Amino acid sequence: MSEEVAQGPKESPPAPRPGPREVWKKGGRLMSVLLSVNVLLLACTLISGGAFNKVAVYDTDVFALLTTMMLLSAFWILFYVLRTARCPDAIPYRDAHAGPIWLRGGLVLFGICTLVMDVFKTGYYSSFFECQSAIKILHPIIQAMFVIVQTYFLWVSAKDCIHVHLDLTRCGLMFTLTTNLAIWMAAVVDESVHQAHSNNSPHTNGSQARLTHDAERAGNPVGGDPCPCNTAICQIFQQGYFYLYPFNIEYSLFASTMLYVMWKNVGRLLTSSHGHSHAPSPVSLFRETFFIGPILGLMLFVVGLAVFIIYEVQVSGEGSETQQALVIYYSFNIVCLGLMTLVSLSGSIIYRFDRRAMDHHKNPTRTLDVALLMGAALGQYAISYYSIVAVVVGMPKDLLGGLNLAHALLLIAQHTFQNVFIIESLHRGPPETEPQDTAPKEPCHGLTFANLDALHTLPSCPPTPRLVGPSSTGPQEAEAIILAPRGHWRRRCLKDISLFLLLCNVILWIMPAFGARPHFSNTVEVDFYGYALWAAIVNICLPFGIFYRMHAVSSLLEVYVLS
């Protein structure tokens with residue numbers, strides 16, 4: 001005792017100093033980010049410059065850059081796969097949250113559609129190869145190869161926490177991510193040029209118009225179309241690959257999100273139980289639901305498809321047909337957005353009665369999901385506020401102006417309440433982490449009670465255990481069989497809500513992704529801002545709104561599984 005007093009209290013051992021890998025962790029990340037930013041800015045400069053007639057940047061320059069980037073990324077992916085196969089200790093941990101099956105399944109689906117698009121583009125450019133550069137025919141072939149290699153890589157390696165060649169791996173992952181973002185930007189710009197030329201002259205194809213002004217900038221005389229697409233096969237290829245652009249856009253964004261999570265997991269240390277603390281239960285569609293959400297969602301989905309077809313048929317007609325198509329389109333969207341807003345608000349209210357603990361573990365996948373939801377929603381927020389200002393200041397007195405204003409306000413409300421619901425759902429623990437006092441304690445396990453009053457003398461028993469009569473002939477009033485744990489009705493409601501919102505987001509993705517552009521058919525904003533400014537606003541912000549819908553679908557599917 002005296003020795004302890006003389007020596008004083010024992011000091012706690014000093015914390016272990018981080019090793020050289022941990023010291024250079026931020027430096028390695030910074031180096032990979034700087035590489036990505038510089039390459040991305042170069043790609044953005046060429047892609048945006050190639051969209052304007054007065055800039056001497058041609059399609060061949062853009063295709064050459066993208067082809068080079070895809071080849072380098074494919075070579076690095078092959079190096080990664082071969083290196084990890086030869087080094088069994090390269091991946092000591094795997095992040096259970098990264099690369100869920102629905103995200104990888106969506107990646108495969110969009111990848112298959114991208115391969116079909118590449119076949120169509122190859123056939124289209126090969127139809128008049130005598131006036132084409134070889135790089136235009138080579139580009140879709142290289143892109144198809146890149147999609148196959150990258151899809152396999154992300155399917156088998158999305159959960160990796162690699163611990164060898166950290167800096168090289170970070171740079172390779174970030175360069176591949178930049179390649180996908182460059183492909184995404186090229187597809188968005190090409191689709192925007194196509195939409196702009198379609199609005200100006202419905203019979204002119206965007207790629208043909210670009211070929212025309214490319215020839216003019218090169219100083220070649222253009223008396224007609226330099227590369228005519230006269231055959232039926234060429235026209236099928238021409239129309240087909242533009243309709244498949246939305247799938248290529250979503251594939252690039254899905255791959256980018258998965259690559260970012262892999263980049264965050266490079267060198268990450270996990271405990272043995274961390275990756276399984278939030279593991280979802282097996283997926284069973286429509287299981288443990290009230291069927292109200294799925295049925296109502298399917299009804300809106302079918303009605304939405306019919307409205308979309310009617311809109312596409314009538315919007316290019318005479319003035320009365322165009323106005324009728326816009327009224328139908330806005331009316332459906334107002335009803336759908338209003339229901340989604342109320343349902344999202346109801347889900348948030350249900351969470352007020354949910355006693356599940358919040359999950360505060362470090363999770364790069366969840367952090368990225370929240371950031372993408374909030375960031376992508378800004379695109380639709382911007383379009384909505386521009387529309388509100390144009391409608392309110394321009395003071396249109398007709399029905400179409402009122403529907404446009406209501407549509408813009410409901411878009412803001414729906415995005416806000418849906419984000420609140422999804423983010424709160426992603427931060428909730430799984431059903432197994434509900435308060436422990438609802439689980440049967442050991443002294444009561446396997447006991448059979450005939451007297452209900454005897455339960456109150458056993459504090460260790462749950463308040464609602466399973467009661468069985470003393471015999472098969474006993475009174476039915478003495479039997480109280482609980483088939484589900486407490487809070488089961490809340491989980492059913494949350495599953496219905498998530499499925500309803502999922503189906504609604506799918507139809508609201510299909511409409512703008514496949515060509516519905518009421519922003520230009522409705523002349524309120526065009527007359528107020530001018531076509532050039534309004535087209536720039538829509539072409540910049542709308543791709544983020546389209547991505548928001550598809551990313552919300554993947555997040556709501558996770559909410560459904562974890563509810």
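A: T367 counts as exposed because its relative accessibility is 54%, and the cut-off for that class is over 50%. The model in which this residue is described is a predicted one. T367 lies in helix 13, a helix that covers residues 364-394. The chain also brings T367 together with a residue from another stretch of the sequence: T367 and H427 are 60 residues apart along the chain, and their C-alpha atoms are separated by 9.9 Å.

From this residue one may turn to the helix that contains it. Two packed helices are described by the angle between their axes and the distance between the axes. Helix 13 packs with helix 18 at an angle of about 140°, and the axes of the two are 8 Å apart. Angles over 145 degrees would count as roughly antiparallel, and 65 to 115 as roughly perpendicular; helix 13 and helix 18 are therefore oblique to each other. Their crossing is left-handed. Sorted by class, the residues in the contact of helix 13 with helix 18 are 16 nonpolar, 6 polar and 2 charged.

If residues up to four places away in sequence are set aside, F421 touches S344, G347, S348, Y351, L494, I497, L501, L556 and V559. As a general point, nonpolar side chains in soluble globular proteins tend to be buried together.

Another helix pair may be described in the same terms. Helix 5 (residues 101-126) and helix 10 (residues 245-264) cross at roughly 135°, and their axes come within 8 Å. Helix 5 and helix 10 are therefore oblique to each other, and helix 5 passes helix 10 in a left-handed crossing. On the side of helix 5, the residues that make the contact include L103, L107, F110 and M117, while those of helix 10 include Y245, F247, Y251 and F254. The residues of this contact divide into 11 nonpolar, 4 polar and 3 charged.

Technical notes. Residues are numbered from 1 along each chain as its sequence is written. This is a predicted model: local features need pLDDT of at least 70, side-chain atom pairs count only at pLDDT 80 or more; totals for chains, interfaces and linings use all residues. Side-chain values use heavy atoms; hydrogens and water are left out. Contact means heavy atoms within 4.5 Å. Axes are lines fitted to C-alpha atoms, for helices over the stretch in contact, and angles run from 0 to 180 degrees between N-to-C directions. Helices (H or I, at least four residues) and strands (E, at least two) are DSSP runs, numbered from the N terminus. Angles under 35 degrees count as roughly parallel, over 145 as roughly antiparallel, 65 to 115 as roughly perpendicular and the rest as oblique. A crossing is left-handed if the near helix is turned anticlockwise from the far one by less than a right angle, and right-handed if clockwise. Ala, Val, Leu, Ile, Met, Phe, Trp, Tyr, Cys and Pro count as nonpolar, Asp, Glu, Lys and Arg as charged, and the others, Gly among them, as polar. Buried means under 20% relative accessible area, exposed over 50%, partly exposed in between (1.4 Å probe, protein chains only).
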